[in-house]
Amino acid sequence: MGDGNVKVLGAWASPFLMRVRVALHLKSVEYENIEENLLEAKSELLLKSNPVHKKIPVLIHGDNPVCESLIIVQYIDEVWSTKTSILPSDPYERANSRFWAAYVDDKFFPALRMVLVGTTEEAQKAAMAEVLEGVVLLEEAFKKLSKGKAFFGGDSVGFVDLAAGSLLAWIKVIEKFTETKLLSEAKTPSLVAWADCFSTHAAVKDVFPDVDKLADFGMKLRAKLLKAAAATTN
Amino acid sequence: MATSEVKVLGSWPSPYAMRPRIALNLKSVDYEYIDEKLWEGKSQLLLQSNPVHKKIPVLIHGDRKPICESLIIVQYIDEAWSSGPSILPSDPYDRAVARFWAAYLDDKWFPAVKSVGVAKGEEAKKAAIAQVEEGLALMEEALGGCSKGKGFFGGDEIGYLDIAFGSFLGWLRVTERFNDMKQLDEGKTPGLVEWADRFSSHAAVKDVMPDTDKLAEFGKMVIAKIRAAGAAAEMH
């Protein structure tokens, strides 16, 4: 199936949406961007396209919905396979890329999220400790995967760049809220340099959220979640 | 290829450890299986091979660094031994669908199965059971879509989603037994009932599928430990 009709259902603040949009930009694929408001009720289109999870992002290619950001990125890589590759070609390197992307989603992101939306100071502190440990692991991973180049993917933006890079704006928001540097010259110099390369990349800069706007959204999201948590415990 | 060239570090009750073994069997790749008795502690080899998560399964292929995370290992096996039968479908959309359901099973469905055993109180238990059944209804529908009238999610042959889902059958059966109920049921999920039989008796599966009685005994021990510790079990 060629370029066909491509729609992306997402929300500007979502790191997961960013992965999909950057992947499409890397492949020079045109698409219609449909914005979902995360603070309000879910749209009909979302509920129809992702009945199982009811979450963005969703890629709708022709009649086919594809869900889960990293699954969508792999789909994009495989459909538009003649363009620059997102995953490496060697099976071992692919496994390694998938491992670190999974680490970001399964361990790093939940900890990051907890720093922002944790309901107790204890939970937030524990999460912060995990995040600080996590960036050290990612620094090590970067050194191994990049082989001296600018990105986890080497010369070009790859799978792990998308997985981790999409969190950079939220990392900046949390640095702002907690007055703590998560990425620093002292502890994670490679990641500091990489963050700059990633956020200014042609395929990224137009979808990299404004940090002040994101911080404002973060406060509203936290308030919404705290309210919902209080309601369920009553 | 020498047997010691490929090693799988696993644990016999673990559904996740089954997955790389089934994949290697499908590709007719010889391997050495090393069983970890996780309830007795983690071996040096495990801690060295998977320092980030300290979990099984781990695949060690020759001199290369170890590969971790069961579904990542299965994809690696599919790609490294590309001349054998394909595990992932060839069409990108079918691949995305297979990956989607495998992720759903790992992230949502199996945690619900596990929580049935340790749910605190009748209501929590009922809610967990309802989630399990909802998931099975979804998978029954998915089977219809993916199999295109053939015997497996992968079509004529066992594929990625068969491996992902089938590896949970042992624990599903144990949960049915402990709670005196039939979740895989001819009335509600006839397709899955037949598929489960086909999967379990497949040549690549039957020697690595744990015996349900043995698994039930192990399950009792795990539940007792969890209740005692009040924390989640360490099985991945």
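Predicted model: local features only at pLDDT ≥ 70, side-chain atom pairs only at ≥ 80, totals over all residues.
Residues are numbered from 1 along each chain as its sequence is written, and chains are lettered from A in the order in which they are written. Local features need pLDDT of at least 70 and side-chain atom pairs pLDDT 80 or more, while totals for interfaces use all residues; side-chain values use heavy atoms, without hydrogens and water.

Visitor: What area is buried between chain A and chain B?

Guide: Buried area is the accessible area (1.4 Å probe) that two parts lose on being put together, summed over both. Carbon and sulfur atoms give 66% of the area here. The total is about 2200 Å².

Visitor: How many salt bridges does the rule find across the interface of chain A and chain B?

Guide: A salt bridge needs a side-chain nitrogen of Lys or Arg within 4 Å of a carboxyl oxygen of Asp or Glu. Glu78(A) and Arg95(B) form one, with their closest N and O atoms 2.8 Å apart. Across the interface of chain A and chain B, the rule finds five.

Visitor: Is Asn50(B) buried or exposed?

Guide: Buried means under 20% relative accessible area, exposed over 50%, and partly exposed in between (1.4 Å probe, protein chains only). The relative accessible area of Asn50(B) is 2%, so Asn50(B) is buried.

Visitor: Which residue has its backbone oxygen 2.9 Å from a polar atom of the side chain of Asn50(B)?

Guide: The side chain of Asn50(B) also has a polar atom 3.1 Å from the backbone nitrogen of His53(B). The backbone oxygen at 2.9 Å belongs to Lys55(B).

Conventions. Polar contact = N/O pair within 3.5 Å; in protein donor to acceptor, adjacent residues only side chain to side chain.
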